[in-house]
Amino acid sequence: MDEVQRHSVHTLIFRSLKRTHDMFVSNQGALPEIDDKLEKIRKSIKAHDSYSLVFDRVARAESNRKCAEIANSGRKSSLSNPEKVLYITNGQDNPVNVNTNATILAADTINKNNFDIPSSTAMVAMTGIRPSVNSTSNVQLIPKKAPAIPKPTWHAPWKLARVISGHLGWVRCIAVEPQNEWFATGAGDRVIKIWDLASGKLKLSLTGHVSTVRGLAVSTKHPYLFSCGEDRQVKCWDLEYNKVIRHYHGHLSAVYSMALHPTIDVLATSGRDSTARIWDMRTKANIHTLTGHTNTVASVVAQAVNPQIITGSHDSTIRLWDLAAGKSVCTLTNHKKSVRSIVLHPTLYMFASASPDNIKQWRCPEGNFIQNISGHNAIVNCMAVNADGVLVSGGDNGTMFFWDWRTGYNFQRFQAPLQPGSMDSEAGIFAMAFDQSGSRLITAEADKTIKIYKEDEEASEDTHPVNWRPEILKRRKF
């Protein structure tokens with residue numbers, strides 16, 4: 001007796017899905033057939049509901065005009081064919097005798113009076129005859145077409161242009177100067193270094209922090225550089241004298257992120273004490289202490305319009321703050337894991353948040369959810385976006401994903417190579433920023449280097465086509 005061939009559970013499930021798919025998916029996307037009778041009824045009801053008042057006025061005017069013409073031409077000519085006489089109402093209770101040709105002409109006039117109405121409906125409006133349609137019955141309408149999936153915008157691939165070394169610890173933060181001439185980096189060696197953006201040469205080193213520098217910001221209106229670190233200190237550096245001129249005291253633990261308001265002279269910082277603090281840049285006063293998060297506030301951003309302050313925390317929430325009142329306006333709880341990075345779009349009224357579960361896009365001011373951008377299966381430490389709609393996310397495992405902002409299409413991936421002698425855990429990307437032109441991407445990494453990426457000028461849509469297959473999205477679930 002032959003033994004029964006046994007298959008794995010995976011094979012049996014796949015066969016079952018395949019049979020179900022072949023049975024039901026053949027006409028899944030097809031629209032139902034259109035019933036001409038129901039279509040005509042639907043159009044007539046729609047036209048009557050929308051243009052009933054216009055019908056009455058036009059029918060009344062046309063009937064009066066035809067009656068005048070008939071009266072002028074004489075009663076004999078108007079009643080030459082008595083068997084074709086039709087009674088229509090002229091808006092009153094008394095009928096008017098008009099021959100069939102006049103009635104048809106009136107219907108044609110209604111059709112040409114800038115209204116897309118069938119002639120049968122016009123005749124209904126003139127004669128006052130209603131089609132025998134039950135108003136309570138459900139009339140089948142034409143089903144709407146499924147929304148088309150937008151095609152991603154083509155973006156040139158990015159390639160490594162320069163590697164800058166000089167720090168003795170993990171590089172944790174980046175800030176680009178508004179004039180696009182230099183950029184600053186902070187690292188675990190407690191030193192802030194300023195580099196020439198064009199040549200990559202070291203211009204200046206600033207020492208003063210006693211622990212890892214975690215955040216940097218450059219003022220657009222003053223020669224000031226702001227820094228924060230794990231030593232709970234927030235410093236203001238005067239770049240004309242290259243020394244600290246102000247300290248902002250108040251945080252109870254490490255300060256992880258900072259942002260400058262684009263129009264007001266205030267500074268926002270956040271850190272491990274689960275708060276975000278708003279400082280007066282000149283007086284060093286702590287204007288607001290934004291409380292509400294229950295864990296480390298890993299990212300804070302500021303914009304000129306409401307909500308002016310947005311924070312992301314390890315408690316998996318995002319909060320939108322009213323800067324004037326110092327209170328939380330909205331709390332977004334869509335993420336299931338810690339939110340480590342928030343980035344504002346430079347031109348659109350939107351922002352994105354990164355978490356190990358996925359990247360989410362939101363629309364201001366209410367924080368309306370737009371879409372999920374899935375695929376970067378790592379702890380996403382940082383993000384950056386430029387005006388061309390290129391969103392970049394950097395992971396804790398050294399992976400870097402490039403996305404199309406509008407569609408969430410992943411058009412390129414990078415895996416940071418390990419330096420000789422480094423461990424696997426030293427491949428992380430901690431910070432990234434585009435320069436002011438959006439043409440260069442600067443990353444700060446765990447191998448103590450700074451990398452600059454540029455677009456590949458030789459690439460085109462022919463050499464690097466968009467691998468866009470929407471049919472996969474339609475058949476993902478069957």
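This briefing covers the chain as a whole, then selected strands and loops.

The model is predicted: local features need pLDDT of at least 70, side-chain atom pairs count only at pLDDT 80 or more, and totals for chains, interfaces and linings use all residues. Residues are numbered from 1 along each chain as its sequence is written, and side-chain values use heavy atoms, with hydrogens and water left out.

**Whole chain**
- The chain holds six helices and 30 strands. These are DSSP runs numbered from the N terminus: helices are H or I with at least four residues, strands are E with at least two.
- Of the 478 residues, 45% are buried. Buried means under 20% relative accessible area, exposed means over 50%, and partly exposed lies in between (1.4 Å probe, protein chains only).
- The accessible surface is about 26400 Å², and carbon and sulfur atoms account for 50% of this surface. Areas come from the Shrake-Rupley method with a 1.4 Å probe; for residues, only the protein chains shown count as cover.
- Among contacts between residues at least 6 apart in sequence, 47% join residues at least 24 apart. A contact means heavy atoms within 4.5 Å.

- Four strands form an open sheet in the order 20-21-22-23, paired antiparallel. Two strands pair if DSSP finds at least two bridges between them.
- Strand 20 (341-344) and strand 23 (368-373) are the edges, each pairing on one side only.
- The twist averages 20° from one strand to the next. Axes are lines fitted to C-alpha atoms, for helices over the stretch in contact, and angles run from 0 to 180 degrees between N-to-C directions.
- Strand 22 (residues 359-363) runs antiparallel to strand 23, joined by five bridges. Trp362 stands opposite Phe369 in strand 23.
- Pro365 sits in the loop between strand 22 and strand 23. The peptide bond joining Cys364 and Pro365 is cis, with omega about 5°.

**Hairpin of strands 26 and 27**
- Strand 26 (residues 399-404) pairs antiparallel with strand 27 (residues 410-415) over five bridges. Trp403 has Asn410, in strand 27, as its bridge partner.
- Five residues separate the two strands of this hairpin, and Gly408 in the turn has a positive phi of about 75°.

**Other loops**
- Pro307 is in the loop between strand 16 (297-302) and strand 17 (309-313).
- Ser274 is not a glycine, yet has a positive phi of about 65°. Ser274 is in the loop between strand 13 (266-271) and strand 14 (276-280), and is buried at 17% relative accessible area.
- Lys284, also not a glycine, has a positive phi of about 65°. Lys284 lies between strand 14 and strand 15 (286-290), and is partly exposed at 40%.
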